[in-house]
Amino acid sequence: MNSHKFSPESKMMSHGYKPSLSEGSIKCPIFNTSTFVFNTAEEGKAFFEVAYGIREKEASEEMGLIYSRINNPNLEILEKRLCLWDEADDCATFESGMAAISTVFLEFLKPGDLLVYTHPTYGGTNHFIEHFLSKIGIESIGVFADQSVEEIKSIIEQSGKADKLAMFYLETPGNPTNDMVDIEAYSILAKEFSTDENKVIVAVDNTFMGPLWQHPLKHGADLVLYSATKYIGGHSDVIAGAVLGNQEVMNRVKVLRTFLGNMISPNTAWLLMRSLETLKVRMSQQTKNAQEVAVYLSKQDKVESVSYLGLLPEGSEQYTIYKKQCSAPGGMISFNIKGGEKEAFQFINALQLMKVAVSLGGTESLVQHPNSMTHAGVDAEQKERMNITDKLVRLSIGVEDVKDIIWDVNQALEAVS
Ligand SMILES: *Cc1c(COP(=O)(O)O)cnc(C)c1O
């Protein structure tokens, strides 16, 4: 037989699903069931031995279905499909991006540990680190994209907790400013701080770029995390999350998920499988549209500056990291309007096609004002340091006709006095 390696987008309609197990249905049904019938008591015993780690699975053995908090066909097929994009050994899907993120923190951090994370990070993540992890004795240090790795290394050494460093948590590109950090450089730093007993984990929130335009595992990260609510879901109709990595780390994530019970539901998993079929088409169109909108914005008198990966100046450090890590600039744009909150709000309120809403990555274009909306809870000094000011506007570009988006932006800019 001829062999050929199909691209992930070609396998999104079929991978991991056997029609013969479901009456020949071309599409995977929704397995709305809490539990699964064992053929014999011996079979039930064997499945539990593997699920609870009492013994290793034999090479020829196929793990059976037990109970939908442990496994379910919709979850398993979705997870197999998600693995293809990041070339990961395994994937775990969750009921939200925050469920994925908090499970990773709880599994890989313990009281007394040190966590180093990049600013800006998603508001919910920031809150979990600063208000929950701190309460259970996990110290954290926030670092910025413009700090060199040497600088960060010396901050860790001077903290007196270098031997307690357990995780680097990176969000790149950062929301909402598109700041990039070098995943490979952090992975090398993690190795330097690792010992035989204590491996420093590198986890990357890849929601903005993934799973298409950036693959953190290839740059040395141990875990890649997603809010699947965004591009993966892509239709602003579900909340979901995912974590991917090698078998060893994923076994740990999946065991904790079993006991926290925050796995995705079969219905949501099914919706995400439907979404995955058009992921490449959607993200490609969103990227194409965003590039045109960003170029258009950069030429407008009322616009002070545009942050878009496709407009990074060649030769800059940010451009170098972008070129190393990403294969396309994605669909997220932020820009500074001349003036302040008054002008930003005039622009936002005048838009006719674009809706004012938080979230991102859906088929429809959205606009929001980070300073007073998604990042309202972030410390004012930190916001200033991250260039999140009252004149910043964030756009998530959808799949509409780009002529209509540009018409909308143009007439909304005209409404700014
Ligand atoms: C939305 C988002 C999250 C949180 O995901 P939910 O699905 O809303 O829980 C985490 N990280 C980033 C970058 C996000 O945009």
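**Helix packing, sheet and ligand site**

Asn74, Leu75, Ile77, Leu78, Arg81, Leu82 and Trp85 of H3 contact (heavy atoms within 4.5 Å) Pro266, Ala269, Trp270, Leu272, Met273 and Leu276 of H9. The contact residues comprise eleven nonpolar, one polar and one charged. Helices (H or I, at least four residues) and strands (E, at least two) are DSSP runs, numbered from the N terminus. The model is predicted: local features need pLDDT of at least 70, side-chain atom pairs count only at pLDDT 80 or more, and totals for chains, interfaces and linings use all residues. Residues are numbered from 1 along each chain as its sequence is written, and side-chain values use heavy atoms, without hydrogens and water.

The axes of H3 (residues 73-86) and H9 (residues 266-277) come within 9 Å and cross at roughly 35°. Axes are lines fitted to C-alpha atoms, for helices over the stretch in contact; angles run from 0 to 180 degrees between N-to-C directions.

An open, mixed sheet has five strands in the order E8-E9-E12-E11-E10. Strands E8 (303-307) and E10 (355-356) are at the edges, each with a single partner strand, so one side of each lacks a neighbour in the sheet. Pairing requires at least two DSSP bridges between two strands. E10 pairs with E11 (residues 366-368) in the parallel sense over two bridges. Val356 stands opposite Val367 in E11.

The ligand is surrounded by 13 residues (a heavy atom within 4 Å); the closest are Met98, Asp205, Ser227, Thr229 and Lys230. Polar side-chain atoms lie at these distances from an oxygen atom of the ligand: 2.9 Å for Ser227, 2.6 Å for Thr229 and 2.7 Å for Lys230.

Conventions. Nonpolar A, V, L, I, M, F, W, Y, C, P; charged D, E, K, R; others polar. Polar contact = N/O pair within 3.5 Å; in protein donor to acceptor, adjacent residues only side chain to side chain.
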